[in-house]
Amino acid sequence: MSLMGRLYRGETSYDFVGARRAFLIVSSTLLLVSVVSLLFQGLNLSLDFRGGVAVEAENPAGAGVGDVREALAPLGLADARIQLLADGQELRVQTEALDPDEADAFVRAVATVAGTEVTDTSVDEVGPTFGAQITERAVLALVVFLGAVILFMSWRLEWKMAFSGIAALTHDLIITFGVYSITGFEVTPATIIAILTILGYSLYDTVVVFDKVQENVEAADRVPFTDIVNKSMNQVLMRSINTSLTSLLPVGSLLFVGSFLLGARTLLEFALALFVGIAAGTYSSIGVASPLLAVWKEREEEWTRIRRRLNRVSEDAVRPSGQARPPAEKARPRTTTGATPRPPKKRRR
Amino acid sequence: MRRHLVPLLVLVAIAWGGVAAALAFGVTPVLGLDLKGGTSVTLRAPDGTDPEVLQKAVEVMQRRIESFGSVQEPEIQISGDYNVIVQLPGVTDRERALTAIGQTGELSFRPVLESSFLVSPLLVPGLLESTTTTTVAATSTTGADDSTTTSTEPATTTTTTLPPGVDPETGLTIEDDPTKEAWLAEYAEDGTVLEVYHVGPSQLSGADLDSALAGFAGGSTSIAQWQVQLDLSNEGAAKFQEMTKAAASYPLGDVRRQIAIVLDGEVVSAPQVNADVDPNVGISGGSAVITMGSGENQQQEAQDLSVILRYGSLPVAFERDQVQNVSATLGADSLNAGLVAGAGGLILVALAVVLYYRSLGLVTVIGLSVFGSLLLLVIGLLSRYIGTTLTLAGVTGIIVSIGITADSYIVFYERIKEEVRAGRSINAAVEEGFARAFHTILTADTVSILAAVLLWLLAVGPVKGFALTLGIATFLDIVVAYYFTKNAVWLMAGTRLGHGGWFSIEGASGRPVSEGAS
């Protein structure tokens, strides 16, 4: 309760930046595993990216995998990927890209063996070049988006924050793709959408933290930057936890429904990426973006001067194990927790 | 007091009243075909296709789909430089849909048996002036044999016995089968019927044509005219000779001397075989010229005709890029799953905020319902007036936006707490906290909106639908935060619900919420 109580009142004083080595180890391990898996195992791209035909049909005839394979053999499609869904009540058959006529014959064959009508099947047919086009557009959108975000955050916050945010974002994207690579889940257009959402979410989360940092920087008076970042993160910690919770609840609901309800495969594909991405996004704004910003800013002349002066003051003081703590303790009375009057340069009223 | 109450009430009235009105007038979101079943086809024209040609192809498809019947709100759009996306909600017969749009039309040359054949009073005789100034000029030499192959069996023109396959309303054959006789119309550009032809079975198809080129040249007559030069394959040449020989056996002016060029059940042109063609020979040599006249209109006509002869009705040979066919049941399942997941997520979020934030949680729940109503209203209006549809990707976008919207409340409430801890009165904390929180919300939401706008502009396919709902939802989030949340919390702070721990803020009143001050 006391932890909850302190969390609740925003009075925790975790040294997030001081724990950056731990974060670094965690993040680099995750990144390494992801990159290795991406390099050697790659991604299981759905037919939307490489072209192909997929048929989904109800299966009143109760056809098994063997039956379907046999029915497709005359068409030379015996190596199609055949899946039974929903306890064999549904069939899903996939092949490589086919000529229009072959594709039609394929759909008819599957419908016949499943004992259903062609008009009751769901078919996805994708030409071999279409996926390349989607990917191209998505990458273009990504690049333009990142450029726009860097400009916007540089203007509204500052450019080092923009690049720290982008670093955290890249971290989240690599890990999400890594999870897809390791688990072998199919990457579909729905996944891409989900990943684009993560893009927004990850930055959104980072922006909330940095906005607080900036506010505290403006209010602060001769406090090391690291301490400001730490204080800001502690202040928004409860918000981070609550927001992750309220974001993960609907997504969890999607995952649950997607796994248990028939015909909700798209939802499942979508929800998995979101779940991983939101979790990574919350972690990375604390564990990647903020420490990175703190370390980066501490190198600036203004902030090194402050740190040097504070170190001189506390030279005689007994130094406990934590490195970032003593100046924080020293500085605390001088920081504006909101109790002291705000400085005159107030941005909003 | 009024400063806070009025905007709040106005927004709630717009949201709830608007949704009630929308439901009453049937302005509800139109479901995309992945939610209600249907076929979506993405076609790709070869690189370097003229945009005008693409536009023409879209017009042709539009006409074909109209003739397809029973398609609710078909949608054809050009996407990017070379893509055409066709959406056919409710059409689950994939092969028929593909035939209707993707394939170049079936071109056939058929003997004319009769023209201005009237079955229906709809075909007013006044419309039946022949505007075809076209004639087939011969490039022929003499041959032997005199055999007319016309199997003319003029159908009964009585009103009672209609030939099979003829629509009694229009007097035209409904679905043209080139191997059979048919009653087909030639249309003017505005869609009115110029002339109705009774034509025989096809004797020559588009495959027999090697090329068709429009040009301006002197024909057999001395005056230079717009014309279309036909070159036939070896096989085609023989068929064509046979056909023209039969036609030439009729006197000039007889409709049976004409040859109908039929495309997709429409007569495109019906040129007459020239006077100088020997009925014993026909047009031989594998090439022919259709002369059109020398006017400017004729230039257009010649060019259009040559395009049709070359490509069938679609002026471009499209490739199927993507065909997505969703059965009605799968669509309904997806919709249900989306609704269940959305409702479940909403209830969970509502529970969590009420448990944690108590009376403020209640504000959040009402705020979410205002937000949801506005979202429904906006998407409904967009469906009605711009024709956007709500797809599965859109539904997931909405579900995701629940979380992002809830965050705006959380940022605000945590801010209030901070201000209260700093010793402000609760109303001052609300004012000051909101100003600060709104800055954060605005910054973070701008990033989301930026993402939505760019995705909408740059991405293709389902991503667009997602971007649209995400963008609208984020925008509404800002609106609701500014007009509803701030004012609702301020008003509540003045009531008993704002005190005694109901706000879940220690120090908001005398009684602390959790034990032990640090």
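This is a predicted model: local features need pLDDT of at least 70, side-chain atom pairs count only at pLDDT 80 or more; totals for chains, interfaces and linings use all residues.
1. Start with the open sheet of eight strands. Its order is S3(A)-S4(A)-S2(A)-S5(A)-S15(B)-S1(B)-S3(B)-S2(B), and the pairing is antiparallel. From one strand to the next, the twist averages 15°.

2. **The edges.** Which strands stand at the edges? They are strand S3 (81-85) of chain A and strand S2 (75-79) of chain B. Each has a single partner strand, so one side of each has no neighbour in the sheet.

3. **Where the chains join in the sheet.** Strand S5 of chain A covers residues 122-126. S5(A) and S15(B) pair in the antiparallel sense, over four bridges. Look here for A:Val126, which stands opposite B:Gln322 of S15(B).

4. **A pair within chain A.** Strand S2 (residues 52-58) and strand S4 (residues 90-95) of chain A run antiparallel. Six bridges join them. At one of these positions, A:Glu58 has A:Glu90 in S4(A) as its bridge partner. Helix H4 (residues 65-72) of chain A packs on the sheet and touches S3 and S4 of chain A. The direction of H4(A) makes about 145° with that of S3(A).

5. **The interface.** The contact between the chains involves 70 residues of chain B and 72 residues of chain A. On the chain B side, the elements giving two or more residues include strand S15 (319-326), helix H7 (328-357) and helix H10 (426-458). Helix H9 (392-421) of chain B is also among them. Which element gives the most? H9(B) does, with 17 residues. By residue type, the chain B side divides into 33 nonpolar, 22 polar and 15 charged.

6. **One residue in H9(B).** B:Val420 is found in helix H9 of chain B. Is B:Val420 buried or exposed? B:Val420 counts as buried, because it has 22 C-beta neighbours inside 10 Å, where the cut-off is 20 or more. B:Gly433 is 13 residues from B:Val420 in sequence, and their C-alpha atoms are 9.1 Å apart.

7. **Two helices of chain A.** Helix H7 (residues 159-183) and helix H8 (residues 189-219) of chain A have axes that come within 9 Å. These axes cross at roughly 145°, and the crossing is right-handed. H7(A) contributes residues including A:Gly165, A:Leu169 and A:Tyr180. From H8(A) come, among them, A:Ile195, A:Leu199 and A:Phe210. The residues of this contact divide into eleven nonpolar, five polar and one charged.

Methods: Residues are numbered from 1 along each chain as its sequence is written. Chains are lettered from A and ligands numbered from 1 in the order in which they are written. Axes are lines fitted to C-alpha atoms, for helices over the stretch in contact, and angles run from 0 to 180 degrees between N-to-C directions. A crossing is left-handed if the near helix is turned anticlockwise from the far one by less than a right angle, and right-handed if clockwise. Two residues are in contact if their C-beta atoms, placed from the backbone, lie within 7 Å. Ala, Val, Leu, Ile, Met, Phe, Trp, Tyr, Cys and Pro count as nonpolar, Asp, Glu, Lys and Arg as charged, and the others, Gly among them, as polar. Two strands pair if DSSP finds at least two bridges between them. A residue is buried if 20 or more other C-beta atoms lie within 10 Å of its own, exposed if 12 or fewer, and partly exposed in between; C-beta atoms are placed from the backbone.
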